[in-house]
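Work through the following exercises with the sequence and the model side by side, and try each task before reading its solution.

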Amino acid sequence: ALTRRAGGLIMGKTVTTELATYAPGKTRNPHHPEHTPGGSSSGSAAAVAAGMVPLAVGTQTNGSVLRPAAFCGVWGFKPTAGLIPREGVLRQSQTFDQVGVFAGNVADLALLAETLCDARGRPELLAAVTGPGPSRPRIALVRTLQWPRVEAHARAAIEALAAGIGAAECGMPAAAAPAWDWHRCVMEAEIAENFAAEWAQGRERLSVSLQGQIERGLAVAAADYREALAQIPE
């Protein structure tokens with residue numbers, strides 16, 4: 001509705017992964033059809049990358065905007081939680097679900113994001129990216145605790161890029177190690193809650209990966225869920 005009000009035309013609905021989780025849809029990567037476009041907002045990123053549309057909307061709970069944007073070579077933006085209203089969006093994890101956007105360039109990305117933001121706290125994103133910057137940007141390469149899992153050729157490409165732009169080197173404190181487990185605990189507990197009807201009425205039609213998420217979510221103790229939630233900074 002906000003896009004239409006601003007003069008935008010809605011072209012259609014793009015493909016997502018199964019209930020915005022992990023099981024892939026039929027979308028292919030337009031640059032390499034044998035490769036994945038990334039998910040869960042696979043169709044949105046692929047449609048922009050293929051030139052079918054200049055702009056697209058997606059959602060992110062666990063990297064589902066930034067990942068397909070990176071895989072398809074387009075610009076992706078996941079704004080601060082709550083900046084774009086989530087009314088009418090499939091609820092997967094109310095703690096982490098967020099609306100994001102895709103575009104072929106930064107100005108278009110900012111235009112769409114600004115259009116969709118809640119009017120009460122709408123930032124001037126387009127002016128920020130098209131006007132002079134307040135200072136020279138500072139970029140850092142942060143090797144997370146998952147860095148060893150990155151394939152060697154991808155690590156080499158990222159390190160070459162970081163060296164080329166003079167990025168600072170940053171590590172991640174050991175105290176951050178449980179963050180992945182906290183995120184998974186909260187997300188899967190909420191997936192089990194929000195997909196209870198699908199689980200009760202047709203669990204055999206769900207993918208093995210989603211069945212596993214729901215089963216693990218149902219097994220999360222209330223105390224563990226509350227403890228994980230408590231780790232989120234206010």
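**Exercise 1.** Determine at what angle helix 7 and helix 9 pack, and which residues meet in their contact.

*Solution.* Helix 7 and helix 9 (residues 208-218) pack at an angle of about 100 degrees, and their axes lie 7 Å apart; helices here are DSSP runs of H or I with at least four residues, strands are runs of E with at least two, and both are numbered from the N terminus. Axes are lines fitted to C-alpha atoms, for helices over the stretch in contact, and angles run from 0 to 180 degrees between N-to-C directions. Angles under 35 degrees count as roughly parallel, over 145 as roughly antiparallel, 65 to 115 as roughly perpendicular and the rest as oblique, so helix 7 is roughly perpendicular to helix 9. Next, with contact meaning heavy atoms within 4.5 Å, Arg184, Met187, Glu188, Ala189, Ile191 and Ala192 of helix 7 meet Leu210, Gln213, Ile214, Arg216, Gly217 and Leu218 of helix 9. Sorted by class, this contact of helix 7 with helix 9 holds 7 nonpolar, 2 polar and 3 charged residues, where Ala, Val, Leu, Ile, Met, Phe, Trp, Tyr, Cys and Pro count as nonpolar, Asp, Glu, Lys and Arg as charged, and the others, Gly among them, as polar.

The model is predicted, with local features needing pLDDT of at least 70 and side-chain atom pairs counting only at pLDDT 80 or more, whereas totals for chains, interfaces and linings use all residues. Residues are numbered from 1 along each chain as its sequence is written, and side-chain values use heavy atoms, with hydrogens and water left out.

**Exercise 2.** Describe how helix 7 packs with helix 10.

*Solution.* Helix 7 (residues 179-194) and helix 10 (residues 222-229) pack at about 125 degrees, with axes 9 Å apart, which means that helix 7 is oblique to helix 10. On the helix 7 side, Trp182, Cys185, Val186, Ala189 and Glu190 take part, and they meet Asp224, Tyr225, Ala228 and Leu229 in helix 10. The contact of helix 7 with helix 10 comprises 7 nonpolar, no polar and 2 charged residues.

**Exercise 3.** Work out the strand order of the sheet, and which helices pack on the sheet.

*Solution.* The open sheet consists of 3 strands in the order 1-3-2, with antiparallel pairing, two strands being paired if DSSP finds at least two bridges between them. Strand 1 (55-60) and strand 2 (75-77) stand at the edges with a single partner strand each, so one side of each has no neighbour in the sheet. From one strand to the next, the twist averages 25 degrees. Strand 1 is joined to strand 3 (residues 98-103) by 6 bridges, and Thr59 has Val99 in strand 3 as its bridge partner. Helix 2 (residues 42-49) packs on the sheet, touching strand 1 and strand 3, and its direction makes about 155 degrees with that of strand 1. Helix 4 (residues 106-116) also packs on the sheet, touching strand 1, strand 2 and strand 3, and its direction makes about 150 degrees with that of strand 3.

**Exercise 4.** Inspect the backbone at Gly39, Ser40 and Leu19.

*Solution.* The peptide bond from Gly39 to Ser40 is cis, with omega near 10 degrees. Leu19, although not a glycine, has a positive phi of about 50 degrees, and Leu19 lies in the loop between helix 1 and helix 2.
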